[in-house]
Amino acid sequence: MRYASITNRLSGKGSRAWHVHDLAAARREAGEDVIALTIGDPDFETPSAIIEAMVASARAGRTHYSPSTGYPELREAIAARVSPYAGRAIASDEVAFFPGAQAALYAVCTVLLEAGDEVIVPEPAYATYEGVFGATGATEVRVPLRPERGFHLDVDDVRRAITVRTRAVVINTPQNPTGAAFGAATLAALGELCAEHDLWLVSDEVYAELVFGKAHASALAISGAEGRVCAISSLSKSHAMTGFRHGWAVGPTELIQHLDNLLSSMLFGSPAFIQDAGVAALRHADDVTTHMRDAYEQRARVVVDALRDARGITVRMPEGGMFVLADVRESGLDDLEWALGLLAAEGVGVLPTGSFGTSGEGHVRIGLAADTATLSEACRRIARYAETTIS
Ligand SMILES: Cc1ncc(COP(=O)(O)O)c(C=O)c1O
């Protein structure tokens, strides 16, 4: 049978990265001594108060259709959450609820981009982006996040990539996989550039609550860019709620109206009991986030300290998020080859990031969703293997 051309654009090179994850998971399931540090799913339990809120909501009969963009109470709670980042009061009609940041990104790109358009995205970029942009028919134009700049964005690279077809710039900060958190000055310069060329700026900020030792700089705070900025986030990482599928998009009300139409056509509203759990998380569970942020920072330090003197691998402390990016270019091996070798020799699964973009080649992403003892053991094995790759 015939399928629409979108099916050819939905799967990208990202699948290459998950190969190591699938192998590691299979070996672990078979009972082998494998440490899988491949994914970004928090190892913390979802806080019980949030589960209780969800159960109470379902028991109270909140199991029927709901408004497409979310209940007013939830949209207000999200608006209250992002207002401090924006440095202004965000109104609830600037918010749309989505089942996860991924769905929000897909929907936002669907209403902003189409065939013939170009979208600029810094790379290495989160592996699912390729499929999202591909679905719209727009052409993805990548600009490098260079290792020698600490993977920070050079706004001049974006400037050089702009053409008459450019419609949007999509960034992710704190960034997956590099751990770079863009500063307010970079964002302001990007905002100015977008205004100059009448572009949208979409900012994926799912790791906003996991910035280490400094405040998160949000694209929502760019002065004068309110009409062209859309920020996306979720409770997946901040509250260990990946399975709840709880996220949002914040942007101008006209954008939210278009998203409302899309949501009505596609989802017809999200489960009320999931939304209620989110309200509980946003209002009462910030201590959990603080605890997790501290834990991820401590874990990142454990990894960086353990691998600091290792030969054949160079690590840098991330500024936020759930990963440490490691440079293994000294080995001369392709990152996939390196990761497969590590899994075979030492039973440690890490994600090769070449498929996240050219600037991610020769790097592997070490996930922090494991306790410090496990990470220490993984690092001992990684150091041992890295040494063999250069001798
Ligand atoms: C950069 C980035 N964006 C979006 C997502 C998806 O988040 P959610 O679970 O909220 O859909 C992830 C998940 O790992 C991510 O790393």
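**Strand pairing around S3**

Tutor: Ile-120 stands opposite Val-141 in S4. This is a predicted model, where local features need pLDDT of at least 70, side-chain atom pairs count only at pLDDT 80 or more, and totals for chains, interfaces and linings use all residues. Residues are numbered from 1 along each chain as its sequence is written.

Student: How do S3 and S4 pair, and over how many bridges?

Tutor: S3 and S4 (residues 139-144) pair in the parallel sense over six bridges. Two strands pair if DSSP finds at least two bridges between them; strands are DSSP runs (E, at least two residues) and helices are runs of H or I, at least four residues, both numbered from the N terminus.

Student: Which helix does the chain go through from S3 to S4?

Tutor: Helix H6 (residues 129-136), in a right-handed β-α-β crossover. Right-handed means that, with the strands pointing away from the viewer, the path from the first strand over the helix to the second runs clockwise.

Student: And what stands opposite Ile-120 in S5?

Tutor: Val-169. S3 and S5 (residues 166-172) are parallel too, over three bridges.

Student: Is S3 mostly covered or exposed?

Tutor: Mostly covered: five of the six residues in S3 (118-123) are buried, meaning 20 or more other C-beta atoms, placed from the backbone, lie within 10 Å of a residue's own.

Student: Switching to the whole sheet: what is the strand order?

Tutor: S2-S8-S7-S6-S5-S3-S4, an open sheet of seven strands with mixed pairing. The edge strands are S2 (95-98) and S4, each pairing on one side only.

Student: What is the bridge partner of Val-202 in S7?

Tutor: Cys-230. S6 (residues 200-204) and S7 (residues 229-234) pair in the parallel sense over four bridges.

How values were computed. A residue is buried if 20 or more other C-beta atoms lie within 10 Å of its own, exposed if 12 or fewer, and partly exposed in between; C-beta atoms are placed from the backbone.
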